[in-house]
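Work through the exercises below with the structure open beside you. Each task is followed by a solution in steps.

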Amino acid sequence: MAQTKPVVDYSLYLVTGRDLLPPGKDYFESLEESLQGGVTLVQIREKTADTREFLEIARQSQAICRKYNVLILINDRIDIALAIGADGVHIGQTDMPFAAARALLPPHAVIGVTCNTVEHVRKAVADGADYVGVGPVWSTQTKALTSPVVGVRGIGEMLAMLDGTNVKAVAIAGIKSTNVLHCLHGSISTTGRALDGVAVVSDIVASPEPRSAAQRIATTVRAFKACSHNTFSLSHLPTRPAYTARGILAHVGANLEAVKKFSPLTQQITNNVVTTQSANATLALGASPIMATSPEEMADLSKAIGALLINFGTIQNLDGMLSAGRHANINRKPVVFDPVGVGATRYRMDSADALLNTWQATVIKGNAGELGALAKSLEVQAKGVDSVGKGFSDPAAFVRTLAREERCVVVLTGVVDWVSDGTVVVRLSNGHPLLSGITGSGCMVGTAVAVFCGGASMAVNAARAPGAEEDAQLVRGDMLVAAVGGVLAITVASEFAAARADVKGSGTFLPAFIDELGSLTAQKITEAAKIEVL
């Protein structure tokens with residue numbers, strides 16, 4: 001009787017590498033401990049072993065995997081797979097052609113293919129692959145990369161090619177416990193296709209405690225799969241109500257009260273032109289600013305902050321930005337990214353790509369030129385830190401699409417402000433022309449959004465039952481509402497400031513504006529807000 005294909009759990013896919021074992025650690029001991037920690041699939045990779053040695057390693061590895069009902073695949077070597085009766089093979093782009101491998105292996109054997117481009121995925125699907133290994137997500141010390149790093153954001157485009165198929169997908173290269181959630185969350189395609197698992201090498205194999213190392217990753221993967229990641233929203237709570245203007249404003253008011261109650265420490269790596277204004281705006285809203293930029297501080301600082309703002313207007317601390325965002329992700333702190341003038345130079349675009357592939361943004365805020373550059377839109381262009389052109393023909397559709405692509409909340413600022421989590425779009429029409437007459441008004445919007453995100457996150461965590469299990473969301477709290485609150489705080493305060501008798505122009509407007517930020521209340525925002533939910 002012909003065998004049927006096995007059911008494969010790709011969640012935590014271990015690729016072996018004996019050369020990475022720590023001193024004194026036996027390979028077979030490490031493998032068994034990894035399985036005890038939650039590894040669900042094993043690929044035996046031996047690039048330098050001779051055939052006899054490879055065969056013996058594969059046989060003993062298979063015996064261990066069988067104890068835990070875990071399938072075993074062989075990298076590249078069809079002969080080894082046939083010799084031990086392995087469950088399948090994994091082949092790269094320069095290995096044996098798929099058709100030849102399929103002809104040699106029994107029909108029930110699983111075949112996976114490394115894919116580095118969309119075209120690779122399309123061909124693997126056409127060939128009949130059971131799964132694809134997509135990447136490299138990040139650079140890695142495990143093996144020399146022969147293809148460019150595609151980054152987390154590049155994985156989604158490949159996953160979209162799997163729509164309507166039964167082909168599974170795992171991400172490969174550079175994945176570890178500290179970035180696995182970003183990889184899983186940030187790589188979901190705009191069509192909602194998510195990864196089926198992650199392939200890990202050094203974070204488990206090189207660990208002196210592989211069981212614990214595997215357990216950390218397995219726990220994250222399981223939690224992620226259990227949550228409703230097929231929705232585009234990053235902002236939803238376990239029981240998320242339908243959004244209405246009145247409901248949003250009620251939550252914005254509660255958020256402002258949370259800011260004043262908890263005074264979230266708001267870290268800001270921002271451009272040196274606006275440091276003082278941003279710090280003063282933070283204080284006026286009731287939060288505490290810290291303008292730390294050194295990479296060496298980030299691991300400790302990220303545990304204490306309520307939220308992080310990264311504004312790279314002058315890009316003087318790129319290493320600090322990379323480290324700050326990464327550690328904020330690890331500690332589940334909201335990250336607000338303000339890519340000031342991103343379209344002005346190639347360096348700024350490359351820097352933005354590096355940041356967004358290193359950590360997951362909670363909110364991306366920018367004007368039309370900046371967000372158009374991130375989205376590679378031709379509708380608007382950047383001129384320094386300003387936008388030129390007529391703007392987007394359909395801003396609501398634009399922010400919704402970009403939020404889906406970047407897996408975060410997007411804030412598009414302008415005469416009218418637009419906020420979206422990829423599903424809901426909120427239109428905000430407050431603000432005064434005097435805002436454009438002071439330096440850093442746009443940057444202060446980013447500051448206010450970060451403050452509100454920190455307040456929302458701290459309020460939810462404070463309300464969480466002691467000992468309750470942490471969920472797999474990258475941040476806690478409703479980040480769509482927090483972003484709306486931050487925008488409204490700036491725009492509503494500007495209207496109150498401009499109406500004051502002591503304001504004669506931009507020179508007297510700034511101090512009055514800071515005063516009005518400090519005197520904002522939930523009632524003032526609710527009564528003045530011009531909001532529409534689309």
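Predicted model: local features only at pLDDT ≥ 70, side-chain atom pairs only at ≥ 80, totals over all residues.

**Exercise 1.** Find out how many disulfides the structure has, and check Cys-443.

Solution. A disulfide is a covalent bond between the sulfur atoms of two cysteines. A search of the whole structure gives zero disulfides. For Cys-443, the nearest cysteine sulfur belongs to Cys-453 and is 16 Å away. The cut-off is within 2.5 Å, and Cys-443 is in no disulfide. Cys-443 has a relative accessible area of 11%, so this residue is buried.

**Exercise 2.** Classify the ring pair Tyr-27 and Phe-28, then the pair Phe-509 and Phe-513.

Solution. The whole structure holds six aromatic pairs. In the pair of Tyr-27 and Phe-28, the centres are 4.8 Å apart and the planes stand at 70°. Planes over 60 degrees apart count as edge-to-face, so Tyr-27 and Phe-28 are edge-to-face. For Phe-509 and Phe-513, the distance is 5.7 Å centre to centre, with 20° between the planes. Planes under 30 degrees apart count as stacked, and this pair is stacked. Both residues lie in helix H19, four residues apart, about one turn of the helix. Both Phe-509 and Phe-513 are buried.

**Exercise 3.** Describe how strands E6 and E7 pair, and where they belong.

Solution. Strand E6 (residues 131–134) pairs with strand E7 (residues 168–171) in the parallel sense, over four bridges. Tyr-131 stands opposite Lys-168 in E7. E6 and E7 belong to a closed barrel of eight strands with parallel pairing, running E1-E2-E3-E4-E5-E6-E7-E8.

Key
Residues numbered from 1 in each chain as written. Heavy atoms only, no water. Buried < 20%, exposed > 50% of the residue type's maximum accessible area, 1.4 Å probe, protein only. Pairing = 2+ DSSP bridges. Helix = DSSP H or I, 4+ residues; strand = E, 2+ residues; numbered from the N terminus. Phe/Tyr/Trp six-rings, centres within 6.5 Å; stacked < 30°, edge-to-face > 60°.
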